[in-house]
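I set out to record what I looked up in this structure, entry by entry. The sequence and coordinates are placed here for reference.

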Amino acid sequence: MHIDEITNWLKETGPARLDRLYARADSTRRQYVGDVVHFRGLIEVSNYCVRSCTYCGVRAENLALKRYRLSRTEILDCAKRAAMLGYGTVVLQGGEDYGIAPAWFANIIRHIKQETNLAVTLSMGERNEWDLAEWREAGADRYLLRYETSDQELYRKIHPTVPGHPTRLALLRKLRQMGYEIGSGVMIGIPGQSYASLANDIALFRELDLDMIGVGPYIPHPATPLGNGSLALTLSPDEQVPATEDMSYKVIALTRLACPDTNIPSTTALATINAANGRELGLQRGANVVMPNLTPVSCRPLYEIYPSKACVTEEPADCSRCLRGRVQSIGRRPADGPGNRRKLDYRPQPQFAF
Ligand code: SAM
């Protein structure tokens, strides 16, 4: 795909040119996914994690972090609240926690599907095929697994792999065969990420024909090797992608142009670096999904993948009210229903030259 054109846009700083990019992304969003915004209620079910990702605050080596795992009742209460608040989906997300037994979790998924009309999205890391198949069988609809970067050398440095585990890309293909809608994404501005590699990430979104794409700025966590400087992945300043708000909007906009019919959230990471209106700007530059937090307020600060995360003190009802207000303030409206991707029969070739 148009790697050079995408790279040029990523490097663009002219306000008038960027306004054109954002306007094009916004009109593409309106044409293909409309003016509604899907609300996916996020339940952070566990912060236990066996992995050692060098960017993530819940990595196993962060011994200072108090760990929690929600009970069955807590998860079901959060899901019922999502239904009461009128959301279409719950997203069950957690560290890669093998204390979560597959059958126990399948039972919870089954219960949510029986008791509510919610779609269930899972984001539980690189579980084995049998667990993923059992959860699909129990009724889970979608699975999110970011590939973080398409640069395999960088990936190995930021996301130490487990011998014998399939790659995230291989797992995404498996998940699709199992009948899940699949979502993936990357962090923007992770140390060592070049403009060319970020352009390749965007091209790969399209190649994988993803149903959901989450992109957000990398935010350093001091209890991680990348955040405390013990792992330095240095590129020259003209090669390194900055982890900025502006870069995040460019990536959202280019992602919308590359994948017009996909679902794209305006992420919490974006709201973290611009609490005033980061979410709204994301929605006006290509995104069509928000993810209000439903996790019990007592656990929220413990799901600290990066510091100063947005909305850690808000009760779910306040979070819902706030997000509805923000969506309406930009002339959009909350969607009804689960908000599955409505896949185009024919995908036009993306145009980046304008
Ligand atoms: N364990 C699951 C997994 O690995 O897919 C889901 C949880 S994981 C914490 C969710 C996402 O958080 C990751 O895919 C990563 O992109 C993002 N994340 C982790 N640390 C981050 C950081 N320091 N800055 C921004 N995003 C981060």
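**Basis.** I worked from a predicted model, in which local features need pLDDT of at least 70 and side-chain atom pairs count only at pLDDT 80 or more, while totals for chains, interfaces and linings use all residues. Residues are numbered from 1 along each chain as its sequence is written, and side-chain values use heavy atoms, with hydrogens and water left out.

**Strand β3.** Buried means under 20% relative accessible area, exposed over 50%, and partly exposed in between (1.4 Å probe, protein chains only). Five of the five residues of β3 are buried, so the strand is largely enclosed by the rest of the structure.

**Neighbours of β3.** I next asked which strands pair with β3, pairing being at least two bridges found by DSSP between two strands. Strand β2 (residues 89-94) runs parallel to β3 and is joined to it by five bridges; V90 faces V120 of β3 in this pairing. Strand β4 (residues 142-144) is also parallel to β3, over two bridges, and R142 of β4 stands opposite T121.

**Crossovers.** I noted a right-handed β-α-β unit made of β2, helix α4 (residues 102-115) and β3. β3, helix α5 (residues 129-137) and β4 form a right-handed β-α-β unit as well. Right-handed means that, with the strands pointing away from the viewer, the path from the first strand over the helix to the second runs clockwise.

**Ligand site.** For polar contacts I used pairs of N or O atoms within 3.5 Å. A ligand nitrogen lies 3.0 Å from a backbone N or O atom of Y55. The side chain of R146 places an N or O atom 2.9 Å from a ligand oxygen, and that of E148 places one 2.5 Å from a ligand oxygen. The protein covers 92% of the 560 Å² of accessible area that the ligand has on its own (Shrake-Rupley method, 1.4 Å probe).

**R156.** Is R156 buried or exposed? I found R156 exposed, with a relative accessible area of 53%. R156 belongs to helix α6 (residues 152-158).

Definitions and conventions:
Helix = DSSP H or I, 4+ residues; strand = E, 2+ residues; numbered from the N terminus. Polar contact = N/O pair within 3.5 Å; in protein donor to acceptor, adjacent residues only side chain to side chain.
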